[in-house]
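Open the model in your viewer and keep the selection panel handy.

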Amino acid sequence: PRKGRVFADLLEAVSRVDPEMRVRFTSPHPKDFPRELLDLIADRPNICKSLHIPAQSGSSAVLERMLRGYTRETYLSLAEEARDRIPGVALSTDMISGFCGETEQDHQDTLSLMREVKFEHAFMFAYSEREKTRAHRRFPDDVPEVVKQQRLREVIDTYHENLAERNKAESGAVHCVLVEGKSRRSESELVGRSDTNRKIVFAGSALKALDDPTEESRVPSVGEYVAVRIGADPSGVTLRGAPIARCSLASFERT
């Protein structure tokens, strides 16, 4: 029997405080995703459908040296289950290139994992030795810097290739966007984030309310939600779209 409360209990309680307030959490360990947590995220409209699950490497041998506590296979199984149980979920990760003892095959394992998961976001770095860490004490920093940078370039290129494929599915999609402010490039445009943590730019025009079309049109304010349809041929990390109406999480969920 389960003893005490678990993270899913806390997340469930937080999500009930204000059904119109988005809840987002970040950087959990891959071992901390029981099925009940995935199902809760799928069930609650105000729990964001974006999961940051740091992989660090796609090689089981490297993961063992890092003491990550999971293998390539268990990580891939978690990513598959998350996509199956949470429709439309976006996955992000951290990747390190050139960790101590990383072979070319280890690197290729990382590239193949990225191609299988097709992350929507990724934070990618070359390994840099830090004093007083286990890696510093136990393993020589034996991957040449030029090799680290070349492998990192390949990891970044693979991410962008995968993102281009993901973006094809975004064309015509409608997102509930939380307005963050004006676009840095244009005073006439607004920028916000989708449920899946994609940054979306759209025209700052006067809009009706989705659940009350008789309400007077006005420009959305920071902190409001807007239904936005993504344009054709989206590219890059930031998407562009056309605003449809101001909305609430509840009214967007009903459409």
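**Stop 1**

Select R151: with a relative accessibility of 8%, R151 counts as buried, because buried means under 20% relative accessible area, exposed over 50%, and partly exposed in between (1.4 Å probe, protein chains only). Before going on, note that this is a predicted model, where local features need pLDDT of at least 70 and side-chain atom pairs count only at pLDDT 80 or more, while totals for chains, interfaces and linings use all residues. Residues are numbered from 1 along each chain as its sequence is written, and side-chain values use heavy atoms, with hydrogens and water left out.

R151 and E104 form a salt bridge, with the closest N and O atoms 3.6 Å apart. The term means a side-chain nitrogen of Lys or Arg within 4 Å of a carboxyl oxygen of Asp or Glu. This pair links distant parts of the chain: R151 lies in helix α7 (residues 145-168) and E104 in helix α5, 47 residues apart. Helices (H or I, at least four residues) and strands (E, at least two) are DSSP runs, numbered from the N terminus. E104 counts as partly exposed, at 40% relative accessibility.

**Stop 2: D141 and K148**

Select D141 and K148. Their side chains meet in a salt bridge of 2.9 Å, N to O. Which of the two is buried, and which partly exposed? K148 is buried, at 2% relative accessibility. D141 is partly exposed, at 32%.

**Stop 3: E116 and R72**

Move to E116 and R72. Here the salt bridge has its closest N and O atoms 3.3 Å apart. E116 sits in helix α5 (residues 104-117) and R72 in helix α4 (residues 72-85), 44 residues apart, so the pair links distant parts of the chain. E116 is exposed, at 54% relative accessibility.

α4 and α5 pack at an angle of about 10°, with their axes 11 Å apart. Axes are lines fitted to C-alpha atoms, for helices over the stretch in contact, and angles run from 0 to 180 degrees between N-to-C directions. α4 and α5 are therefore roughly parallel to each other; that label covers angles under 35 degrees, with over 145 roughly antiparallel, 65 to 115 roughly perpendicular and the rest oblique.

To see the contact (heavy atoms within 4.5 Å), select R72, Y75, L76, A79 and R83 of α4 with D109, S112, L113, E116 and V117 of α5. By class, this contact has five nonpolar, one polar and four charged residues. Ala, Val, Leu, Ile, Met, Phe, Trp, Tyr, Cys and Pro count as nonpolar, Asp, Glu, Lys and Arg as charged, and the others, Gly among them, as polar.

**Stop 4: α1 against α2**

Select residues 7-17 for α1 and 35-43 for α2; the two helices pack at about 15°, their axes 9 Å apart. What makes the contact? On α1, pick F7, A8, L11 and E12; on α2, pick E36, L37, L40 and I41. The contact of α1 with α2 has six nonpolar, no polar and two charged residues.

**Last stop: zoom out**

Show the whole chain. There are eight helices and eight strands. The C-alpha trace spans about 65 × 50 × 30 Å along its principal axes. Of the 255 residues, 45% count as buried. How many salt bridges does the structure hold? The count is 19.
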